[in-house]
Amino acid sequence: MAIEVGDDRHVSICRADGLGDCLYSFELGKTFIHASPDLNSDGRKDYLIKDFSGIYGMHDVVHFMGFVNCPGGFSVKVLDDFFTDVRPTEARETWVDLQVSRACFDEGKGETGTRKYTVAFDSARSAYGSPDGNPALTEYCGPEELALPLTPAHE
């Protein structure tokens, strides 16, 4: 993928070979740079991107994507999930873990609750894995997640 950053941190994400339409473009104006950490500790600036182009129902979650920059001027997607917030942890010699949160509305309780997780890079998938390494949490704000205790507000 080719990533172009414009005014106000807007971003366009297109195929690096120029074929087809851009997945996310400046014209839509709903895709932004969230952070530019070095996710894979290779010395290049990578991207955590927020995409607001979809509708996600009664959840306070955002579509987050992560891309690593490669030699040759293209990027590879390594994260594609829904979170309220994403923060890289301190850099180390390998892939950076991500501290993420999800604020999910629980219809049964009639309120929104926040849970925090760690997302680690899964070398077998060549992408970031599920929250806390638990495949049951792949579905954002699903029944397995809503059954978990909330993260205390002071954390």
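This is a predicted model: local features need pLDDT of at least 70, side-chain atom pairs count only at pLDDT 80 or more; totals for chains, interfaces and linings use all residues.
Local features need pLDDT of at least 70 and side-chain atom pairs count only at pLDDT 80 or more, while totals for chains, interfaces and linings use all residues. Residues are numbered from 1 along each chain as its sequence is written, and side-chain values use heavy atoms, with hydrogens and water left out.

**Exercise 1. The core**

Find which residues have the most contacts inside the largest nonpolar core.

Step 1. Set the rule: a nonpolar core is a set of buried Ala, Val, Leu, Ile, Met, Phe, Trp, Tyr and Cys residues joined through side-chain atoms within 4.5 Å. Buried means under 20% relative accessible area, exposed over 50%, and partly exposed in between (1.4 Å probe, protein chains only).

Step 2. The largest core has 18 residues, and Leu98 and Tyr128 have the most contacts inside it. Strands E6 (62–70), E7 (74–83), E9 (98–106) and E10 (111–119) each supply at least two of its residues. Strands here are DSSP runs of at least two residues, numbered from the N terminus.

Step 3. Now click on Tyr128. Leaving out residues up to four places away in sequence, Tyr128 touches Leu39, Val78, Leu79, Trp95, Val96, Leu98, Val119, Ala120, Phe121 and Asp122 (contact: heavy atoms within 4.5 Å).

**Exercise 2. Salt bridges**

Work out which residue pairs with Asp17 in a salt bridge, and how exposed Asp17 is.

Step 1. Look for a side-chain nitrogen of Lys or Arg within 4 Å of a carboxyl oxygen of Asp or Glu. That rule gives six salt bridges.

Step 2. The partner of Asp17 is Arg15, with the closest N and O atoms 2.5 Å apart. Asp17 has 48% relative accessibility, so it counts as partly exposed; Arg15, at 41%, is partly exposed too.

Step 3. Finally, pick out the network that links Asp81, Arg102 and Glu145.

**Exercise 3. The cavity**

Say which strand gives the largest share of the lining of the largest cavity.

Step 1. On a 1 Å grid over the protein atoms alone, a cavity is a set of points where a 1.4 Å probe fits but cannot get out; lining residues have an atom within 4 Å of a point.

Step 2. The search turns up one cavity of 30 Å³ or more. The largest cavity holds about 50 Å³ of space, a volume being the space filled by probe spheres set on the points.

Step 3. Among its lining residues are Cys104, Lys109, Arg115 and Leu150. E10 gives the largest share, four residues.

Notes. On a 1 Å grid over the protein atoms alone, a cavity is a set of points where a 1.4 Å probe fits but cannot get out, and a pocket is an open set with protein on both sides within 12 Å along at least five of seven lines; lining residues have an atom within 4 Å of a point.
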